[in-house]
Amino acid sequence: MNVHHKHLGVFCSKLLECKEVQQEDATFVAKTLIDADMRGHHSHGISLLPRYLEELDSGLLDPHGQIQHTRISPSIISIDAGGSLGQIGARAGVESVIELAADSGVGIVCVKNTGHFGAGSYWVELIAKQNMIGLATSTEPAGTVTPFGGIEPMVSNNPVAWSAPIADREPFILDFATGIVADGKIRIASSEGNLIPTGWGLNSDGQTENNPDQVSRILSFGEAKGFGIGIITEILAGLLTADFTSTLVKDSGHNTGATTGQFFLAISVAKMTNLKMFSKNLDKHLSMLKNSQPAIGSDGVTIPGQRAAAKRKHAIENGVSLPQSVRKSLEELAKKDSVATPW
């Protein structure tokens, strides 16, 4: 069953408004989540709503959180998001980093005291649409990924998203997690009663596990490479931004509350080089890669972000397809708050 993205947005917004989130903010958060679903990334779509609603109920997040900006230098801003939803903190961060880069050529914004910001692709696309190169990453207190060569869940499964603008086309977007798979994909597999591929995660004994209900830790992607990138993301979005890492939180045993850290970088292409030539050359570069000789048995070269962009276009025209388990969990929440479902 497909649902029109606008109807889905109204539904999700109403659920958030039931938790005292202002309508404008609720509508925006819903939009970011539905964008992930339209791209086919259900792990970062409205399947996250139950988590957000629970965090609002428990007081972990503040629906009325106040955003406070501190100018560190002409190109750096630090933001305390006041315990707000992660998308609200990220919106402030991206708006600020774009303004900084427009003025100085480059901008860096760190956001602390906020929640999970959803898919990193959403934020770097906003930066790319301003003809800038963008980077977004974040980190959370909980370690779910094993270090390379170890079996303990020690590192947060952090997003890394990059973007670059291309004139009259979808921007180049690279968005991945430092774990071999997003935590949400394992959660959805569990809800759907499906097994997961070998090599995604380990059980409590440190053995490879195919049952998502028994997975308690995720492997790094690319072995040492993914592990190293995971450390870098905790340095940028954790230590630099909010004075924490997953290991420090684990060592202290302290419930840190809404301490998710976010890090944004924007580089103005026009201030570095000729924007038109940059865009033309990037488009040509990606086209040459796309049209290069395919490997035997493959469907050809896939450029990061292009499949997701095609899925989003299809969803806008034909409606958003949601996993059955996601619809079921939202139906239960909607019933509690007397909100009608759009399906």
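Start by selecting Y122: at 8% relative accessibility, this residue counts as buried. You are looking at a predicted model, so keep that in mind as you move around.

**The aromatic cluster**

W123 is buried, and its relative accessible area is 0%. A pair of aromatic rings is described by the distance of the centres and the angle of the planes. What do Y122 and W123 form? They make an aromatic pair that is edge-to-face, with 5.1 Å centre to centre and 75 degrees between the planes.

Next, bring in F117, which is buried, as is W123. The ring centres of F117 and W123 lie 6.2 Å apart with the planes at 40 degrees, so this pair is tilted. A search of the whole structure turns up 7 aromatic pairs. To see how rings join up here, show F28 and F264 as well: ring pairs link F28, F117, Y122, W123 and F264 into a cluster.

Stay on F28 for a moment and display R91. The charged end of R91 sits over the ring of F28, 4.8 Å from the ring centre.

**The cores**

W123 and F264 come up again in the largest nonpolar core, which has 54 residues. Which members touch the most others? They are L8, I46, W123 and F264. Colour helix α4 (residues 86–104) next, as the largest share of this core, 8 residues, comes from that helix.

Then centre the view on I46. Leaving aside neighbours within four places in sequence, I46 is in contact with L8, C12, L33, I34, D37, L322, V326 and L330. For a second, separate core of 8 residues, select V145, A189, I196 and I218, which are among its members.

**The sheet**

Switch to a cartoon view and follow the open sheet of 7 strands, whose order is β2-β3-β4-β11-β5-β6-β7, with mixed pairing. The edge strands are β2 (68–73) and β7 (172–177), and each pairs on one side only. From one strand to the next, the twist averages 15 degrees.

Zoom in on β3 (residues 76–84) and β4 (residues 106–114), which pair in the parallel sense over 6 bridges. Pick D80 there: its bridge partner in β4 is K112.

For the last stop, select helix α7 (residues 224–242). Helix α7 lies across β4, β5 (132–139), β6 (159–164), β7 and β11 (260–268). Against β5, helix α7 runs at about 85 degrees.

Notes. Residues numbered from 1 in each chain as written. Predicted model: local features only at pLDDT ≥ 70, side-chain atom pairs only at ≥ 80, totals over all residues. Heavy atoms only, no water. Phe/Tyr/Trp six-rings, centres within 6.5 Å; stacked < 30°, edge-to-face > 60°. Buried < 20%, exposed > 50% of the residue type's maximum accessible area, 1.4 Å probe, protein only. Lys NZ or Arg CZ within 6 Å of the ring centre and 35° of its normal. Pairing = 2+ DSSP bridges. Helix = DSSP H or I, 4+ residues; strand = E, 2+ residues; numbered from the N terminus. Axes fitted to C-alpha atoms, helices over the stretch in contact; angles between N-to-C directions. Contact = heavy atoms within 4.5 Å. Core = buried A, V, L, I, M, F, W, Y, C linked by side-chain atoms within 4.5 Å.
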